[in-house]
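Please open the model in your viewer and keep the selection tool at hand. The tour goes from one selection to the next.

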Amino acid sequence: MNDIKKIDISDSVISQKEIDDYVSDQLDMKSSFQAYSSSKQIKEGDYVNCSIVKYESDKELFSSDDECLYIDINNQSIVVKSLIGHSKGETFEVFEKVSGHEYRYDITVKNVGTMVTPELNNEFVKQNFNEDSVSDYLESLKKSLDTENKGAAVLGARNDILEKLIDKCKFEMDEKQVTDYSVSIVNSYINEAYLYNKDLKTYYTENLHMSEKQFFDSCYQQGENYIKKMLVVGALAEHEKCSVDEKELLEGFKLKKRPSDEAYTYMEYQFLTNAVTDPYIIKDDE
């Protein structure tokens, strides 16, 4: 690793724009729905409070009695598009075909309105962040975001170092191992798709903007790259004679007992990654 240059992250501090954006996001998260005083047809820019039940062949797949949806004409959701033009109190059906499956949505419009964002003041920060004043909150927030930012910079530096080392190495890959890990990555995307109430194909098409080939190629490449990183870290740890003490490892992860073998292996990998890359990262004013 003698030809790997050190990465200086000592100047990675949070900017005022990042603080302002974070505060804005927090205020948006605390926004509350306010119904219009009079009934009107749903249009772009409205928020709609509605109940939704999703069926396939009369079998209920999903139901929610309190959905709050933002009406954006660029949203590809058939449910969002179907709401335009309807009014409070209306109930209607929408049908959708996805990957050979036909779904029916029963939708009832409960209210149409807008979202009201709270004001950042002393009362708000006392109630939501346990701080006495806005100035105290912003000071505490800056310290917290600075810590997160430096942590992210360290992770980025570690990844850059490993990527540079991977480019310099030749590998004999275990195809079954790569495939198995790639499958676990696909499964993680299936779980993500479920959170969006979508099947995998709809999710990677609409949310990731990928074709089927692009998606599965990406999952395989991610799996292959992860295995390469593990091999590089293992070789460096052996060369540098780095070892893992179980007691120290459990204390570092704040665990009282040893986890599953899979989780323990991942913890070992993280520990050894830190050990072999730290000498090449300049933090603070080192």
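Predicted model: local features only at pLDDT ≥ 70, side-chain atom pairs only at ≥ 80, totals over all residues.

Begin by selecting helix α4, residues 134-168, together with helix α9, residues 261-277, which pack at an angle of about 80 degrees with their axes 10 Å apart. Because angles from 65 to 115 degrees count as roughly perpendicular, α4 is described as roughly perpendicular to α9. To see where the two helices touch, show the side chains of Arg 158, Ile 161 and Leu 162 on α4, and those of Tyr 269, Thr 273, Asn 274 and Thr 277 on α9. Coloured by class, this contact has 3 nonpolar, 3 polar and 1 charged residues.

Next, turn to the largest pocket, which has a volume of about 450 Å³. Of the 23 residues that line the largest pocket, select Ser 77, Val 79, Tyr 196, Asn 197 and Lys 198, which are the closest to its centre. By class, the lining of the largest pocket has 12 nonpolar, 5 polar and 6 charged residues.

The last stop is the second largest pocket, with a volume of about 280 Å³. Which elements give two or more residues to its lining? They are α5, α7 (212-239) and α9, and α5 gives the most, with 4 residues.

Key:
Residues numbered from 1 in each chain as written. Heavy atoms only, no water. Axes fitted to C-alpha atoms, helices over the stretch in contact; angles between N-to-C directions. Parallel < 35°, antiparallel > 145°, perpendicular 65-115°, else oblique. Contact = heavy atoms within 4.5 Å. Nonpolar A, V, L, I, M, F, W, Y, C, P; charged D, E, K, R; others polar. 1 Å grid on protein atoms, 1.4 Å probe; cavity = no way out; pocket = protein on both sides within 12 Å on 5 of 7 lines; lining within 4 Å. Points joined across faces, edges and corners; volume = space filled by probe spheres on them.
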